[in-house]
Amino acid sequence: MLQTLEWLIAQFFPPLLFIYWLLAAASVIVTVLPIPVPQAFKDAVYLSSCRGKLWHDKPAALGPLRDWAVPQAWFLHFYVVGSCCNAAVLLAYCLSSAPSTSGTHVPLLALLLVQLHLVRRALETWLLLHYPCGASMHGIAYVFGLSYYAVVPLSLLPSSWYSQQQWQQLGPLQQLRATVQQHLAGLADSGALTQLQLMGAGVFLAGNLLQLVSHWQLAALSRGSKPGIEKTAYKVPTGGLFELVSCPHYLAEIIIYCGLLLVTGGQLLPLLMLVWVAVNLVLAARASHKWYRRRVKSYPPARKAIIPFVL
């Protein structure tokens, strides 16, 4: 039985990861393009992106599931689950891969960057961001989000890690510290990474910085208000990139995944991740932009939704 399970993982897990990301990317692509798919499907995709101030403008879709809501503050669960899953995959990869092998550098760098991002987002969501009372997101988005952050680190491993059953070759935990140090030393060696990978890491970190600054500005709007009293305490953000776009934090997320794609050398699964993230956040940003324009008469007319001067 165990051997059968190991064989199934080796043979089918990489294709299942591909199918997961392909379906995720395809669902948002067919929603924004004039492709003849049922309007109910497009409405369901739009519904899953409705959260916070957009919750009350959600489309009529999914029948009795239309009003399935969870607190928007549960976004913290995504980053806690993601941090734990990514850390487990990172340690398993370190224990099962030879530190001196050049092929280990790319997955190691990608996983380290994602770990940094997820821990930052968890701390940021917990300590910095304060969602207004009643802020909600759809239950389907919540379930998908949990699966998303569990699947991301698994998708950054090379397919050979599954096909050659490297997960069975884990070294002893007693050597974990020494193994991690060897991997980090190998990663720090000059010539271990290409210019493209270094540039990708820079783009990834720049996106994180932009997102942190944008979230800090959003959090500043709620300082001084009492949690649980202002049910719709949404104010117009100003300053920094908010002068050009309504959702620079969404733009930052897209930049982060562009960096991840460069780090991995343009691999297929990170590309599909980027497609899903980009299209999904463009949908959310345009909806937020329209919400501000409808409700704030003095909203800056030159401000775009997510891409300065373009969109």
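**Reading a predicted chain: surface, cavity and one valine**

Mentor: The protein chain exposes about 15600 Å², of which carbon and sulfur atoms supply 68%; accessible areas come from the Shrake-Rupley method with a 1.4 Å probe, and for residues only the protein chains shown count as cover. This is a predicted model, in which local features need pLDDT of at least 70 and side-chain atom pairs count only at pLDDT 80 or more, while totals for chains, interfaces and linings use all residues. Residues are numbered from 1 along each chain as its sequence is written, and side-chain values use heavy atoms, with hydrogens and water left out.

Trainee: Why is Val 282 called partly exposed?

Mentor: Buried means under 20% relative accessible area, exposed over 50%, and partly exposed in between (1.4 Å probe, protein chains only). Val 282 has 21% relative accessibility and therefore counts as partly exposed. In the protein chain, buried residues make up 45% of the 311 residues.

Trainee: What does Val 282 touch, not counting residues up to four places away in sequence?

Mentor: Val 282 touches Ile 306 and Leu 311, where contact means heavy atoms within 4.5 Å. Leu 311 is 29 residues from Val 282 along the chain, and their C-alpha atoms are separated by 8.7 Å. Val 282 itself is found in helix α10, residues 268-295.

Trainee: What makes a run of residues a helix or a strand?

Mentor: Helices (H or I, at least four residues) and strands (E, at least two) are DSSP runs, numbered from the N terminus. By that rule, the protein chain comes to 10 helices and 2 strands.

Trainee: What makes a space a cavity?

Mentor: On a 1 Å grid over the protein atoms alone, a cavity is a set of points where a 1.4 Å probe fits but cannot get out; lining residues have an atom within 4 Å of a point. Grid points are joined across faces, edges and corners, and a volume is the space filled by probe spheres set on the points. The whole structure holds 1 cavity of 30 Å³ or more, and the volume of the largest cavity is about 50 Å³.

Trainee: How is the lining of the largest cavity divided by residue class?

Mentor: Ala, Val, Leu, Ile, Met, Phe, Trp, Tyr, Cys and Pro count as nonpolar, Asp, Glu, Lys and Arg as charged, and the others, Gly among them, as polar. The lining residues are Val 114, His 117, Leu 118, Tyr 149, Val 152, Phe 204, Ile 256 and Tyr 257. They divide into 7 nonpolar, 1 polar and no charged. Helix α4 gives the largest share of this lining, 3 residues.

Methods
1 Å grid on protein atoms, 1.4 Å probe; cavity = no way out; pocket = protein on both sides within 12 Å on 5 of 7 lines; lining within 4 Å.
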